[in-house]
Amino acid sequence: MVELEVLTNGVNAIWVLTVTFLIFFMQAGFAMLEAGQVRAKNVANVLMKNMMDWSLGVLVYFFVGLGIAGVAAGLTSSGGFSVAESFAYINDSSAWVSWLFGAVFAMTAATIVSGAVAERLKFKAYVFYSVGITGVVYPVIQGFAWGGGLLSGNGFLGAAVGVGYLDFAGATVVHMLGGVAGLVGAYMVGPRRGRFDSKGDSVPIPGHSMTLVALGTMILAFGWYGFNVGTQATVLAVENGALAFKGTALGRVALNTTLGMGAGGVAAALTTVYTEGKPDPLFTANGLLAGLVAVTGAVPHVTWVGGLILGLIAGVQLPFVYRWVVDVLGIDDVCGVFAVHGSAGAIGTLLIPVFAVSGFSATQLAMQAVGIGVITVWTVVATYFIFKLAQVTVGLRVSESEEIEGLDEGEHGVSAYPEFSGSGGNAGAGETAVDGGEKR
Amino acid sequence: MKKVEAVIRPEKLEDVKESLSDAGFPSMTVTDVKGRGLQEGVTQSWRGEEYNVDFLNKTRIEIVASEEDVDEIVDVIADSARTGDIGDGKIFVSPVETAVRIRTGEEGDDAV
């Protein structure tokens, strides 16, 4: 006699772990995407930030993060809670697969920030903020939206509006949060030297490798299938004593994810043909990701037409929102994380009720706006506070001479490309042969 | 003796080398250089923002030859390096006092 519950639990756990590993691989995508968009003298620093926010972040999320999510949910809903229960996962082996599944989402939010503050933020300050976002900033929103807290049906706000907030896999809970946090961080640390001229006009600082940008983008898109399709965590279920296969739900999230991605890339390419005269590879790479972000909250809720349109909107808004951040706000968001993760996530999630399979609901639209507002306000306030704390303790910005020399040398004493960094003020270059031999 | 110094498009080096070799002038020294002409570089863009690339990658070929070969060498380089577009480069010819083949000690025309 086959125990159906055991069978479904086993199959679903294999699926969840598989997609968890896919989402983890997005860390490689972010590292390559960001490395390609910075100058060669800052590459090792960007890679270091990406490795450290993951490594340190999982420890913080294990000891503190998920527990804070439980507490935040309990405090803001009618459900009631206990601190001990919120932290019970630490010694409960049956909770560890879902802890890991939650952790990879938290680390995704954390790693987005490094792209915005690249090339001038102190490594110490970045580590400081990584602890803050994985320990508090993200977990609170996770509890509000997904843990039965403030924004859910039982939460104080959700109950007041009459419906729970919809964000399936984290277009706002993960991506917009990361994008807004990055924007605040980039504002606080200030623009890179030379990003704006004496009249305040922007001057481009080209990154060192479009190849890495494209590689990182494709790795991210690959991992994103884990992010979106994987959040449909139930492959098999037991219904009325029989096995039920959730093929249609999986199909919808897989299709919407793909259409959103494709539409985002195409729309960004076409928009740049209009704005620049030629299709722009960097904006196209960003557009593909913006399309993915836009549908991340919506994939199970909207029709495939909706998924397509959300991706299109995300791709079209990208160059304009990026210019707005640079020209109007005067913020140097190196990798454009606000336009890719922030605005795209907000728009895609807000419009879920417009393209809903279940039909339009004004109440749901209102709740979507409320949820986006709550997440934005919390992220701005909490991020500002944490960066301020970093500023008065470890300092935010590297010295002017270190910025000119490069953070690789200044922060880590290395060079990402030793054989190509003879010029550019690399201290010590010319003293030692780069092939390992001693120069005579 | 004269020195022929040609600054050409890097992608034309292969053609120039083959043509010179076929004409009987296989010896040359090649350097990667950067330079610009009357156009002062080219414009490129990063995320839609334009910036000027002041110096472009070029390849410099140096050949030292006897006087009677110089005209032919210049013609071969000019013909094989030409595309007709802006940026094809320039050829300079200058006198050389002497040359020494290090292995044998031969001097002058015998050494090149």
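A: What follows walks through the salt bridges, one pair at a time. The model is predicted. Over all chains, the count comes to 20 salt bridges.

Start with Arg195(A). Its side chain meets that of Asp332(A) in a salt bridge, at 3.3 Å from N to O. Arg195(A) sits in the loop between helix H7 (171-189) and helix H8 (210-229) of chain A, and Asp332(A) in the loop between H11 and helix H12 (337-350), so the pair ties together parts that are 137 residues apart in sequence. Arg195(A) is buried, with a relative accessible area of 2%. Asp332(A) is buried too, at 1%.

Arg195(A) has another partner. The side chain of Glu49(B) meets it in a salt bridge at 2.8 Å, N to O. This pair crosses between chains: Glu49(B) belongs to strand S4 (residues 49-53) of chain B. Both Glu49(B) and Arg195(A) are buried.

These residues belong to a wider set. A network of salt bridges links Arg39(A), Glu119(A), Arg192(A), Arg195(A), Arg323(A), Asp327(A), Asp332(A) and Glu49(B).

Now turn to chain B. Arg36(B) forms a salt bridge with Asp54(B), with the closest N and O atoms 4.0 Å apart. Arg36(B) lies in the loop between S2 and strand S3 (42-46), Asp54(B) in the loop between S4 and S5, and the two are 18 residues apart. Arg36(B) is partly exposed, with a relative accessible area of 44%. Asp54(B) is partly exposed as well, at 35%.

The largest pocket holds about 520 Å³ of space. Of its 23 lining residues, Arg36(B) is among the closest to the centre, along with Gly37(B), Lys58(B), Gly87(B) and Gly89(B).

Definitions and conventions
Residues numbered from 1 in each chain as written. Chains lettered and ligands numbered in written order. Predicted model: local features only at pLDDT ≥ 70, side-chain atom pairs only at ≥ 80, totals over all residues. Heavy atoms only, no water. 1 Å grid on protein atoms, 1.4 Å probe; cavity = no way out; pocket = protein on both sides within 12 Å on 5 of 7 lines; lining within 4 Å. Points joined across faces, edges and corners; volume = space filled by probe spheres on them. Helix = DSSP H or I, 4+ residues; strand = E, 2+ residues; numbered from the N terminus. Buried < 20%, exposed > 50% of the residue type's maximum accessible area, 1.4 Å probe, protein only.
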